[in-house]
Amino acid sequence: MLRFLIPLALLALPVAAQAETPNIEPGEWEYTHTTTIEGMPQMQDQVEVTRECVTQEDIEKGEDVIEVPEECTLDHVDVRSDGADFAMTCTDPQGDRATMEGEMRFMGTRSEGTMTTDVDSPMGPMTIIMEIEGERIGDC
């Protein structure tokens, strides 16, 4: 189920609703994802830093910018100029299920948010918490 987290990190990208454009400036963005897994003893936090060129076209794509994995359903997306809330459910071929809820805040040249994933796995229930911080670092 952890493989679902990679595409879901894309939810940190700015998304636009039909009525509002997020308060995000186009450019080169750097994202820091800090992942904590509760329910797995001795699992240290994992930190990943990625960069992404965000264009005005990306911002205007709306929900289409979210790449939903084949095994997942986007249950809810609410995007405003100052942020977004979302929920997704995923089931893998073995029947393991994950439910995700998240929120992002858009602040022009910064963004931040949290995604919480509850997983029913063969190892037992786990909660995965991903803290996301984004910052515009320059032009693409």
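Colleague: Which side chains does Arg80 meet in a salt bridge?

Modeller: The general idea is that a salt bridge needs a side-chain nitrogen of Lys or Arg within 4 Å of a carboxyl oxygen of Asp or Glu. In this predicted model, the side chains of Arg80 and Asp82 meet that way, at 3.2 Å from N to O. Arg80 also bridges to Asp78, with the closest N and O atoms 3.3 Å apart. Asp78, Arg80, Asp82 and Asp85 are linked in a network of such bridges.

Colleague: Is Arg80 buried, partly exposed or exposed?

Modeller: Buried means under 20% relative accessible area, exposed means over 50%, and partly exposed is in between (1.4 Å probe, protein chains only). Arg80 counts as partly exposed because its relative accessibility is 25%. Asp78 is partly exposed at 33%, and Asp82 is partly exposed at 46%.

Colleague: How many salt bridges are there by this rule?

Modeller: The count comes to eight. One of them joins Arg136 to Asp139, with the closest N and O atoms 2.7 Å apart. Here Arg136 is partly exposed at 21%, while Asp139 is exposed at 66%.

Colleague: Before we move on, what conventions sit behind these values?

Modeller: Residues are numbered from 1 along each chain as its sequence is written, and side-chain values use heavy atoms, leaving out hydrogens and water. As this is a predicted model, local features need pLDDT of at least 70 and side-chain atom pairs count only at pLDDT 80 or more, while totals for chains, interfaces and linings use all residues.

Colleague: Now the sheet: in what order do the strands lie?

Modeller: Strands (E, at least two residues) are DSSP runs numbered from the N terminus, and two of them pair if DSSP finds at least two bridges between them. Here an open sheet of seven strands has the order 2-1-7-6-5-4-3, with antiparallel pairing. Strand 2 (46-54) and strand 3 (72-80) stand at the edges with a single partner strand each, so one side of each has no neighbour in the sheet.

Colleague: How does strand 5 connect with strand 4 and strand 6?

Modeller: Nine bridges join strand 5 to strand 4 (residues 83-91), and the two run antiparallel. Ten bridges pair strand 5 with strand 6 (residues 110-121), also in the antiparallel sense. Follow Arg97 across: it stands opposite Thr91, and its bridge partner in strand 6 is Asp120. Further along, Gly102 stands opposite Met115 in strand 6.

Colleague: And what are the turns like?

Modeller: The hairpin of strand 4 and strand 5 has five residues between the strands, and Gly95 in the turn has a positive phi of about 95 degrees. In the hairpin of strand 5 and strand 6 there are three residues between the strands, with Gly108 at a positive phi near 75 degrees.

Terms used. Helices (H or I, at least four residues) and strands (E, at least two) are DSSP runs, numbered from the N terminus.
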